[in-house]
Amino acid sequence: MVKAYLRYEAASSFGVIVSTDCNITYDNSGKYLLAAALEKLGVWHVRQGVCTKTLAPSPSSSTRGPSLAVTAIASSPSSLVACGYADGAVRIWDIEKGTCETTLNGHKSAVTVLRYNKLGSVLASGSQDCDIILWDVIGEAGLFRLQGHRNQVTDLLFLDSGKKLVSSSKDKFLRVWDLETQHCVQIVSGHHSEIWSIDVDPDERYLVTGSADPELRFYSINNTVSDKKSGVEKMESDIDNGTAPVPNKWEILKFFGDIPRKTKKRVSMVRFNKPGNLLACLESGNTVEFFDVLDESESRRKAKKRIKRKEKKTVKGKAETAENGNPNVEVQESSEFLVTVSDVFQSQAQLLKTIKKTICSISFCPITQKGARPTLALSLSDSSLRMYLIGDMSKPSAAIELQGHRSDVRSVTLSSDNTLLMSTSSDAVKIWNPSTGSCLRTIASDYGLCAIFAPGNKYAIVGTKKGKLEIVDVLSGTCLDTVEAHGGSVQSIVATPDGFVTGSADKDVKFWEYQTTQKPDQAVKHLTVSPVRNLKMNDDVVAVAVSPEGKHIAVALMDCTMKVFFLDSLKFFLTLYGHKLPVLCMDISSDGDLIVSGSGDKNIKIWGLDFGDCHKSLFAHDDNVEAVKFVKNTHYFFTAGRDRKVKYWDADKFELLLTLEGHHSAVLCLALSNRGDFLLTGSNDRSIRRWDRTEEPFFIEEEREKRLEELLEYGMENDSEKHLSKEEVPEEGAVALTGKKTEETVTAADSIMEALDMAEEERKRIAQNEEEKSKGRVADFRPNILMLGLSPSDYVLKSVSSVHTNDLEQALLALPFSDCLRILSCCKDWVALRDKVELVGRIVTILLPIHHNQLTSTVSARPIVTLLKDILHARVKECKDTIGFNLAAMDHLKQLMAAKSDAPFRDAKRKLLEIRTQYSQKAEAGRRTKDEKRKKKKQKKIDDGHVWS
């Protein structure tokens, strides 16, 4: 009989606040901060400091672990948030409902940047595959793909009411794309290194770029929106010669100037705040530099003062030159003044710096109260979030940091009743509820490498890198005492029936017992420990294991061997050797028959403790085996490795049962419950994951077949990627299709072909039945039950309609030409349905360009195309008329509602503000004219009184 096992599945993960390789952003209300935590998107309430929602995709066989990591976030004007993932997918979430609205597949590599347009109807995504894809958020489909960059796309932004798109890349170029004509209209060079970030002020006057160059480069924007908002072109002229440039309608970005930065590190991110009066520049490291952005009138005023100072110096120099007897020197009058980049952008003296922590991302709060200072949120490399008020950056106004570890999780330990979990890292010991994942206590500590709970679970012992033992009170969350235990780091702590054992790098194995003492200044007794015995080894101790019945103790040494002693007498029993690299972990089964060791040579060995023979050596992981644990009262065991995987084994059959994937970095430790119903793992990615045993049985053969299928699919994907990489590089500014081939698109194509074949057979049966009826034979026609009582055309329509909008393009691409002809012939019936006109239009616009040559050369296809041309145009016009009528009706209703409300008063207020603005502009122009006249008179008097005039 084939043996069945129970499956373990991922249940939860906790301990990470924010990932280091993804940006953070506020939502449109400014109440919530959106931060990626590995594959999750955390929605943090800024004032309360609580994670209100956690949004995570459901893992599938094809996307697990690191491929699900969130790499980019963008917030829309509504409640929708777009997330880009490491596998190239883009998911759009509704943070109010907490649901995934749609998944958009198009990129072949990790998504690096996402940007919404102002209305939130179009989303632009850039990726490591050098492509930019424009997505229709409402239609949940791709619009087109823009190709032209030769390296990773680093940032995107929309200009001119979403009609143009600017992209930056590691190829040192800026590209300006016209989204209406879908081509690149301008390529901006001049950077000497990779461009990492770009941004534009809200009025679209200036665009700033950040790179590894020692200065920030600024560009003025020439588009319809900026021309209407301000006379930017009037202020600008050629910086080199001071003459007005020849206008060029294709020159959207024009170099305005550069400002040197205070530090020499590369720029990671540049962002304007929402009012546009402040620019933040995050530099790679721990510094944020701020620049004040002056408006048009202030920058003009500053330019006037600068030119006056220059004129005074010029007049003074002219007089000195005349005195020296050089009459040929002439000084030109500056009737027009030039606003330079230093007149608009002014560097602040104060910098925002963090100590020993790298700033990964910044985000301005979009809502600022009247008279209040703007708020800047930071994500730090120690997995924490901080908020600062601009102007008071000595300390953060709020911080979110206690809910997770700030460094690698080095050990995890469960209490005896499985109700508490203790984890250690470089600076803290944390106590968790393993069921809910909530952090109960955070205790400051040295670098903890291992830990155990003392009997009763009130106290815990932590072994540190400095060779000390810390005694922790779990209830109060304090460190009671520190004991100098070893001369080297404490590598392992294992419980014994009468105390515990520690193994250290100082070549000692020490045995300890628990005691209670009361200090004079304390009213309550507390736990202490004292050494009882000492076992000296001939090399550094890496790991220690004690058999559950208390008979043997095994010690793993740096010389790649394991030595087994009797626990009571410490008499030598066995030496186990065979590993090529040091043994990093080991465990003994509950019955004391087997010992399993994991090593740096990537192998695990199963040994018998009776004679010390090696039963089996198995290649376990693609990197070091870091932890191994037996399930209690069984010969099943788990291993964890630096290859980010956790594996489940049968030590009797020497078989791999399951592979658990989910961690994004090396798995360093694991802990099993007493009953084996759940497993906890800690990792380099700072997360702790829980895996629960389910009631679902599985068999070894089935799992082996699944693994082989996954390897085959992975090999096919690699082959296709190699084939694609050998293809020609796309042309400058090329446009391509948006989708990519996935399992869903292949399945959709198969279902459409199956529906077409079934519909064809049904049509033949119907025609045969009609022929028999015409001959006078009474035939009872029974329709195919699989078609659910639908006609052949309706059944195909049902199959096509069930395909996701984003997958339709790739599904139709996979169909052969004969099936495409059959679909086009069905389209003439579907056009009559009012709600399917859009679908028919999409199908026709996809199929006609692809199969244009075959359609024009196939005689039987011409009548279908001609008929569709006549019908489809009329139906689309009807739909457009209906939509236009509905829009006009809604505008009329809006006017009626406005007439009944206080809208006229609001309109009057707006008109009053417009009139005041016009008057102020006229007054400014009048003052400017008077100043110019006064300046000319003054200059004339100076010239008239000069000796050479």
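Six bridges join strand 53 (residues 645-650) to strand 54, and the two strands run antiparallel. Within this pairing, Asp-650 stands opposite Glu-655 of strand 54. The model in which these features are described is a predicted one.

Another open sheet of four strands has the order 27-28-29-30, with antiparallel pairing. Its edge strands, each of which pairs on one side only, are strand 27 (359-364) and strand 30 (398-400), and its twist averages 20° from one strand to the next. Strand 29 (residues 384-389) pairs with strand 30 in the antiparallel sense over three bridges, and Met-387 stands opposite Ala-398 in strand 30. The table sets out one strand pair from each of the sheets.

| Strand pair | Sense | Bridges | Residues standing opposite |
|---|---|---|---|
| Strand 53 and strand 54 | antiparallel | six bridges | Asp-650 and Glu-655 |
| Strand 29 and strand 30 | antiparallel | three bridges | Met-387 and Ala-398 |

**A buried serine in a loop**

Ser-673 lies in the loop that runs between strand 55 (667-672) and strand 56 (678-683). Is this serine buried or exposed? Its relative accessibility is 3%, and since residues under 20% are classed as buried, Ser-673 counts as buried. The side chain of Ser-673 makes a polar contact with the side chain of Asp-677, at 2.5 Å. When neighbours within four places in sequence are left aside, Ser-673 is in contact with Leu-414, Asn-418 and Phe-678.

**Helix packing**

Two packed helices are described by the angle between their axes and by the distance between those axes. For helix 8 (residues 805-813) and helix 10 (residues 837-850), the packing angle is about 35° and the axes are 10 Å apart, with helix 8 passing helix 10 in a right-handed crossing. On the side of helix 8, the contact is made by Thr-805, Leu-808, Glu-809, Leu-812 and Leu-813, while helix 10 contributes Leu-839, Arg-842, Ile-843, Ile-846, Leu-847 and Ile-850. Sorted by class, the residues of this contact are eight nonpolar, one polar and two charged. As a general point, an α-helix has 3.6 residues a turn, so residues three or four places apart point the same way.

Helix 7 (residues 792-801) is mostly covered, with seven of its 10 residues buried. These buried residues are Pro-792, Ser-793, Tyr-795, Val-796, Leu-797, Ser-799 and Val-800. Which helices do the buried residues of helix 7 pack against? They pack against helix 6 (743-774), helix 8, helix 9 (817-830) and helix 10, so that helix 8 and helix 10, described above as packing at about 35°, are among the partners of helix 7 as well.

**The chain as a whole**

The protein chain has 13 helices and 58 strands. Of its 949 residues, 49% count as buried. Among the contacts in the chain with a separation of 6 or more, residues 24 or more positions apart account for 51%.

Terms used. Residues numbered from 1 in each chain as written. Predicted model: local features only at pLDDT ≥ 70, side-chain atom pairs only at ≥ 80, totals over all residues. Heavy atoms only, no water. Buried < 20%, exposed > 50% of the residue type's maximum accessible area, 1.4 Å probe, protein only. Polar contact = N/O pair within 3.5 Å; in protein donor to acceptor, adjacent residues only side chain to side chain. Contact = heavy atoms within 4.5 Å. Axes fitted to C-alpha atoms, helices over the stretch in contact; angles between N-to-C directions. Left-handed = near helix turned anticlockwise from the far one by under 90°. Nonpolar A, V, L, I, M, F, W, Y, C, P; charged D, E, K, R; others polar. Pairing = 2+ DSSP bridges.
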